[in-house]
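The sequence and the structure come first, and the description follows.

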Amino acid sequence: MAREFTRVGVVGLGTMGAGIVEVFARNGVDVVAVEISEAALARGRATLTRSTDRAVAKGKLAEDDRDALHSRVDFQVGLDALHAVDLVIEAVPEHLDLKRRIFAELDRVCRPDTILATNTSSLSVTDISVATQRPQQVVGLHFFNPAPVMKLVEVVRTVVTAADVVDDVEALCARLGKVDVTIDDRAGFIANALLFGYLNHAVSMFETRYATREDIDVAMKLGGGLPMGPLALLDLIGLDTSYEILNTMYRHGGRDRRHAPTPLIRQMVTAGLLGRKSGRGFYTYEKPGSPKVVPDEQTPAATQQAPESAPESTGGSAGSKPAGPAAVTTVGLVGVGVIATGLVEVFARAGYEVLSVDGDVAPTAGISEAVRASLDEGVARGDLSAADRDATLARITWSATLEQLADVDLVVEAVAEELGGKQALFARLDEICKPGVLLATTTSSLPVIEVAMATQRPADVLGLHFPDPTARRPLVEVVRTVHTSGEATATAQAVCAALGRTTVVCGDRAGFVVDALLFPYLNDAVRMLEAGYASVDDIDHAMKLGCGYPVGPFAVLDSVGLDVSLAIQRSLYREQREPGLAPAPLLEHLVTAGYLGHRTGRGFRDHTGR
Ligand SMILES: NC(=O)c1ccc[n+]([C@@H]2O[C@H](COP(=O)([O-])OP(=O)(O)OC[C@H]3O[C@@H](n4cnc5c(N)ncnc54)[C@H](O)[C@@H]3O)[C@@H](O)[C@H]2O)c1
């Protein structure tokens with residue numbers, strides 16, 4: 001007979017516990033909510049009140065339902081209050097000794113049939129369970145932040161958890177409107193094992209001043225398509241909790257150096273900068289617990305804007321005169337591939353005169369047809385008028401020669417990703433182009449400086465990286481080499497603004513911001529699959545429902561292309577020599593087998609419709 005859960009206990013009403021109380025009480029379950037002191041209890045109650053009041057204000061919860069929800073919660077200090085509950089979920093800080101002590105105490109206080117669950121993110125559920133006399137009734141129930149919103153619960157079974165306990169807890173998740181994935185007891189489970197290496201890397205980018213906090217967060221939102229940036233997410237999770245999770249993952253997850261907490265995290269925790277809950281972390285918040293970011297000394301003077309309210313674009317509109325410096329009105333675009341095709345359209349639509357050069361490759365018939373077709377589709381969708389389309393086409397000179405670039409103000413190179421070819425092209429551009437012209441490469445994996453040094457004017461050379469898909473992502477990474485002048489950078493930023501794109505400025509390192517943060521995560525997902533820990537669907541689900549990602553890692557890999565992903569991962573590994581960045585063997589094998597993703601009909605999934 002399946003267990004009935006009519007009354008549950010929640011221990012610890014911090015960031016997670018208060019949210020978990022809300023989830024149960026909203027779904028008609030009585031809750032005994034326990035804290036360590038009256039003061040902590042008052043904070044937990046206030047968190048619940050704030051959250052339910054917000055839900056009422058947004059029209060997501062009726063006032064009567066809110067009152068009924070609160071009437072189901074019994075706030076108490078001390079574990080003794082849990083003597084009559086059917087299930088307890090522990091959500092105290094991420095310390096093994098503390099959790100083991102609490103479980104031993106719960107074992108003493110609770111009825112013999114009560115199930116004991118931990119919300120730990122990274123600690124061993126097995127280690128916690130053996131502090132009790134009932135390890136077969138102990139599971140991990142890992143909710144995601146914010147618990148009332150995120151759909152995923154990871155149900156963690158240990159080698160001794162009874163099967164009926166897992167079944168009953170899974171049924172409970174369904175009753176709460178959650179989707180569960182059931183997995184074995186491994187540090188970080190699915191989502192955190194894939195998330196925290198990425199978050200830690202973002203902190204080290206910030207710590208080493210590779211990019212600003214705003215640029216890192218905006219890059220991952222606009223360039224990576226993620227719901228929030230990594231530093232803002234760390235503030236939401238809590239820096240103290242994040243530190244403990246990383247520490248455990250490092251020690252029990254194979255001593256991968258990517259999980260060794262970046263020193264800055266420890267310093268911030270020591271200084272009491274814990275994120276939203278303390279009112280300050282990477283960003284400053286209106287008050288402790290508030291989600292509202294307020295300007296502080298690090299806020300860029302020009303924008304004084306919070307990252308979550310960053311504009312999708314910084315100016316420009318289709319068909320308008322370029323808002324960039326007057327010096328840039330004509331643009332040479334060299335290349336015939338996907339990026340070049342996208343950029344010819346993007347520049348011409350923004351009002352620039354475009355010379356499309358096929359370089360030494362193939363005739364440009366393909367590119368002009370592709371741009372025409374794309375513009376026609378835009379007209380059909382209602383994105384632009386037929387007159388705008390015709391005006392856009394009139395601004396493009398097809399099949400221009402390199403020599404015709406003598407008078408342009410900007411050259412954007414988008415030829416094949418091969419260093420020798422790019423260097424030869426830049427050497428030619430150096431001979432042909434007038435002085436002071438900005439020379440940009442769209443490379444995604446080659447060092448920009450190697451290309452710049454093929455010219456006699458490296459100060460005028462930089463990278464303009466348009467993350468895939470070029471036509472849709474509203475971001476450009478402006479890549480500065482050690483030689484690039486401030487003027488060249490400013491011109492590039494102004495031109496991108498005229499294209500309606502947000503820019504982030506970063507140094508000349510493999511992967512820049514977006515790819516360097518994104519691809520190791522994708523590679524880690526492949527390793528997790530390879531290790532047999534979880535399936536393609538479970539991993540994709542976990543990242544979508546637990547972290548709010550629009551698509552899971554395998555969907556991204558199949559869409560970007562496994563060969564492209566492998567090439568980027570290889571370049572990251574080559575540059576950093578970090579063992580954890582070595583491409584997953586499974587990724588290499590699939591590429592060798594010709595399973596490249598959507599393009600070939602098969603990647604991690606079969607797309608042939610069979
Ligand atoms: N923060 C997240 O995003 C997140 C997400 C998923 C899981 N988790 C996990 O949830 C757990 C809690 O994390 P958090 O971020 O909510 O921590 P938190 O620091 O925000 O809250 C912990 C709460 O536990 C209370 N507490 C401490 N000792 C206690 C005791 N002996 N009895 C009762 N209450 C006690 C504290 O007063 C505090 O309110 C951790 O295991 C963490 O790894 C956190």
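R428 has a relative accessibility of 31% and so counts as partly exposed, a class that lies between the cut-offs of 20% for buried and 50% for exposed. The coordinates are those of a predicted model. R428 is placed in helix α15, which covers residues 419-432.

Leaving out residues up to four places away in sequence, R428 touches L402 and E403. R428 and E403 are 25 residues apart along the chain, and 9.1 Å separates their C-alpha atoms.

## Nonpolar cores

The largest nonpolar core has 121 residues, and the members that touch the most others are L82, I190, F282 and L405. Helix α7, residues 191-207, supplies the largest share of this core, with eleven residues. In soluble globular proteins, nonpolar side chains tend to be buried together.

Which residues surround L405, once neighbours within four places in sequence are set aside? L405 is then in contact with G332, V334, L355, V357, V411, L429, I432 and C433.

Two packed helices are described by the angle between their axes and the distance between the axes. The axes of α7 and helix α9 (residues 230-237) come within 9 Å and cross at roughly 115 degrees. That angle makes α7 roughly perpendicular to α9, and the crossing of the two helices is left-handed. On the α7 side the contact is made by L195, F196, Y198, L199, A202, V203 and F206, which meet P230, L231, L233, L234 and I237 of α9. By class, the contact of α7 with α9 holds twelve nonpolar residues, no polar and no charged ones.

α7 also packs with helix α19 (residues 536-547), at an angle of about 65 degrees and with the axes 9 Å apart. α7 and α19 are therefore roughly perpendicular to each other, and α7 passes α19 in a right-handed crossing. The residues A191, L194 and L195 of α7 meet I539, A542, M543 and C547 of α19. The contact of α7 with α19 contains seven nonpolar residues, with no polar and no charged ones.

## G197 within α7

G197 is found in helix α7. Is G197 buried or exposed? Its relative accessibility is 11%, so G197 counts as buried, the limit for that class being under 20%.

Apart from residues up to four places away in sequence, G197 touches R258 and H259. From G197 to I539 the separation is 342 residues in sequence and 16 Å in space, C-alpha to C-alpha. I539 is among the residues of α19 that meet α7.

## Helices α10 and α11

Helix α10 (residues 239-252) packs with helix α11 (residues 263-270) at an angle of about 140 degrees, and their axes are 9 Å apart. α10 and α11 are therefore oblique to each other, since an angle has to be over 145 degrees to count as roughly antiparallel. The crossing of α10 and α11 is left-handed.

In this contact L239, D240, Y243 and L246 of α10 meet I265, R266, M268 and V269 of α11. The contact of α10 with α11 comprises six nonpolar, no polar and two charged residues.

## Backbone features in loops

N145 and P146 are joined by a cis peptide bond, with omega about -5 degrees. P146 lies in the loop between β6 (138-143) and β7 (152-157).

F189 has a positive phi, near 50 degrees, and is a residue other than glycine. F189 sits in the loop between β8 (179-184) and α7. The relative accessibility of F189 is 0%, so F189 counts as buried. R209, also a residue other than glycine, has a positive phi near 60 degrees. The place of R209 is the loop between α7 and α8 (213-223). With 75% relative accessibility, R209 counts as exposed.

Technical notes:
Residues numbered from 1 in each chain as written. Predicted model: local features only at pLDDT ≥ 70, side-chain atom pairs only at ≥ 80, totals over all residues. Heavy atoms only, no water. Core = buried A, V, L, I, M, F, W, Y, C linked by side-chain atoms within 4.5 Å. Buried < 20%, exposed > 50% of the residue type's maximum accessible area, 1.4 Å probe, protein only. Helix = DSSP H or I, 4+ residues; strand = E, 2+ residues; numbered from the N terminus. Contact = heavy atoms within 4.5 Å. Axes fitted to C-alpha atoms, helices over the stretch in contact; angles between N-to-C directions. Parallel < 35°, antiparallel > 145°, perpendicular 65-115°, else oblique. Left-handed = near helix turned anticlockwise from the far one by under 90°. Nonpolar A, V, L, I, M, F, W, Y, C, P; charged D, E, K, R; others polar.
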